[in-house]
Amino acid sequence: MESWRKARPAVRKKIAIFVLIGWVLLIIGDRVDELRVYQGAQMAMYTIALASIVLLTGYSGQVSLGNGAMMAVGGYGAALTLNNLGTPIWFAFLMAIVTASLFGALLGAAAARVSGPYLAGTTLALAVGLPAIANQFAFLGGEPGLLFDVGFPPERFGDEFTQYKWFFWIACFIALIAIFVTSNILSSRFGRTWRAIRGNSLAAELCGVHSARMKVLAFTVSSGLAGLAGAVLAMTISLVAPGAYGLALSFALVTGAVLAGISSLPGVVLGAFILVVIPEISVALADRLGDADKLNNYLPGLIVSVLLILSVIFTPNGPGENLRKHRHKKPAH
Amino acid sequence: MIRKTRIKRTWLAAAVIASGSLLATALPANAETGVSASEIKLGITLPLTGAASPGYNKIGNAINAYFKYVNDNGGVYGRKVTLIQKNDEYSPQLSIAKTNELILRDKVFALVGPLGTANFTATHKSVGLAKRGVPSLFLNTGFSGFSNKKSYPSSFMILPSYAMEAKIIAQFLKDNHAGKKLGIVYQNDEFGIDGLGAFRAAGTKFDVSIPYTSGTQSAATAQTWVSQLAAGGAQVVVFFGVTSATAPLLAVAAAAKYAPQWILGSVGSDPLTLRALGVPVAVLNGAQTPAGNPSPNDTSDEYVKQFQEINTKYNTGTAFDDYVLQGMNIGLMTVQALRAAGKNLTRKGLVRAMETKGSTFASVAYSPLGFSRTSNVGHTGYYMAVMDANGDRKPFGGKVTLYTTDSGSGPVVVSTFKRPAMPAKGLPSNS
């Protein structure tokens, strides 16, 4: 209680907002049908994954097309921990962050030497290659992957409490904590430094910022977030498999981040919402076009690509960012 | 201050959009999910596109063709039966997503013929089919793990298990290829390992053993298999994998003029699909294979004849092969199961009907069905067949010798079982 009183009003307010959002989510989870609950869990997963892109690209200015691969590292890290060590589930999620962060630190060390399209190319190669590596090793389960079973919901919640509601609760809880921590990091000294580097790397260095070290740090934190999202994804499908973290996922994440406004952390919720809605739109479209059985799997990719192209042509920083700027220009009342 | 207000506004907007969309739907109240006065809605996940799709992509349309035939003849107690197909590209994570769509969005009554061992393992766990009580009839996989009635209380197999198949091949090797050097190429997942374990239990020793990881197989990969088999001097090679892997193996072996006695597992031995994938017919000539059903070209068989007629009318333009035959048969058995569950159709009732009456259903396969209150095993045996120069299948030794066994340590025995006759006009009248 003492520490709560000591906390700055802004932090107290932020905590109160997050608790309120959590409470609203709990109520929503109780009121909607199972499909929406499942989609809610997916949305929470995308929220974390998009936050990792916002942190890396929007704040530190490093373009990554390989976040899907980092999610794979986290997913496999969590699954191997859970399956081989039989640890509690929270520890598996923690290991997802640790594994992906370590991997991100290594990648960041290499990435700090390149920038722009070269960095994008390097991370793209990672997105293509890394999930496919799992096919080569039996301990990673090959193409069918590994089961990732977080178990049934506690019995005291009753029979009506479904597995997907359990996923929704866990995913939302993790997402709220992840976004809270990320928003604090971004408004801290680190966030300001990253923005300084993004604005003008040379000027930042002249001010005493160790640019390369800070870029590696951004990569590490961003990868940890992506790894956590990867473990949440694994939970929602009870599986880690190379196909779940393919190139399509990396592109979808980039699209979601661009549409939400690449440097807007609150915007990630909107980006996540768009990513969850796209398959819904594709189902409706496929039903209209006929031959839905075959079309259905390819339409989401097409919609993502078209949205990305349109966004780059008409709103290079994303519609979310444009909205923000538009609001910013309004005269103050 | 301006920034804080902005953040708050954005959060508020995002939360309103999210909650609004989530609240946009409400659960419809139904007597039984997927069943109305006029319709019974069923679903299937299978690879309609992708590397593993050749052959399997015909099963859904074949089941649907049979359902259309039944619907045109009165349906099941007046209800028409419809099947929603979902393309999982033979990938477990897609299979989970598509099964979710079938159950949560399309609200199907039951799953019919879901395909793939890894897929169904993942789906069953992830979607919670047992907990939901969703009947999963006639799984298109022979993984013996699915015969665990406690873990899979609402799932029912149709194929003999891979363990049964391996035991029967082991017996056949003992009886007909004793003293020869043996090789095996198997898919290194539950499917292949299930078979390999049974071979080991039966005492079969392979001189060359090649596991391969499930997925797309290239000619270069197949080349390494052939080199290893040839170097090991394998005279009889058992292949325990899917058709998309059989094809490069046989094509590469033919090009290298390596011609052992092939014994192709039932899963990857459909001649039409192999030929479509570029395997020279001459390679198939003489290949031996365990088979449960008669040849799809055997028009003297009453089931085959009836199904061919239905295929011509309701599945126009599709060549009648093993996959179409299997699909039609799943359709036939599903209709019997739905009828057996009675007019007041419920998921529980369907599971009970499968347990109490399933073993009496008419089916094209020669072996008995093992359904009971304690068993969800479908067919329980195979006969050995030989392929000819056209890829057609004839019983080994000129007549069908049916072997039956179990997935455990039971013996392989020659069975005299006579399958039930095809219902008149292919329309079940059971109750």
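**View 1. Chain A as a whole.** Of the 333 residues in chain A, 51% count as buried. Please keep in mind, as you browse these views, that the model is predicted. The secondary structure of this chain comes to 15 helices and 2 strands. Its C-alpha atoms fill a box of roughly 60 × 50 × 45 Å along the principal axes. A compact globule of 333 residues would have a radius of gyration near 20 Å, and chain A agrees because its own value is 20 Å. Among contacts in chain A with a separation of 6 or more, 77% come from residues 24 or more positions apart.

**View 2. An open sheet in chain B.** Here 5 strands of chain B line up in the order S2-S1-S3-S4-S5, with parallel pairing, to form an open sheet. The edges belong to strand S2 (80-87) and strand S5 (155-157) of chain B; each has a single partner strand, so one side of each is left without a neighbour in the sheet. On average, and ignoring direction, neighbouring strands of this sheet are turned by 25 degrees against each other.

**View 3. The S1 and S2 pair of chain B, with a helix packed on the sheet.** Strand S1 (residues 39-46) of chain B joins S2(B) through 8 bridges in the parallel sense. To find your place in this pairing, look for B:Ile44, whose bridge partner in S2(B) is B:Gln85. Helix H12 (residues 322-340) of chain B packs on the sheet and touches S1, S2, strand S3 (110-112) and strand S4 (136-139) of chain B. The direction of H12 makes about 150 degrees with that of S4(B).

**View 4. A bent helix in chain B.** Where does helix H4 (residues 117-132) of chain B bend? The bend, about 75 degrees, is at B:Lys125. After H4(B) comes B:Gly133, which has a positive phi, near 75 degrees.

**View 5. A β-α-β crossover in chain B.** Strand S8 (residues 236-240) and strand S9 (residues 261-264) of chain B run parallel and are joined by 4 bridges. B:Val237 is a handy landmark, standing opposite B:Trp262 in S9(B). Between S8(B) and S9(B), the chain passes through helix H8 (residues 243-255) of chain B, making a right-handed β-α-β crossover.

Key. Residues are numbered from 1 along each chain as its sequence is written. Chains are lettered from A and ligands numbered from 1 in the order in which they are written. This is a predicted model: local features need pLDDT of at least 70, side-chain atom pairs count only at pLDDT 80 or more; totals for chains, interfaces and linings use all residues. Two strands pair if DSSP finds at least two bridges between them. A crossover is right-handed if, with the strands pointing away from the viewer, the path from the first strand over the helix to the second runs clockwise. The bend at a residue is the angle between axes fitted to the seven residues ending there and the seven starting there. Axes are lines fitted to C-alpha atoms, for helices over the stretch in contact, and angles run from 0 to 180 degrees between N-to-C directions. Two residues are in contact if their C-beta atoms, placed from the backbone, lie within 7 Å. The radius of gyration is taken over C-alpha atoms; the globule rule is 2.2 Å times the number of residues to the power 0.38. A residue is buried if 20 or more other C-beta atoms lie within 10 Å of its own, exposed if 12 or fewer, and partly exposed in between; C-beta atoms are placed from the backbone.
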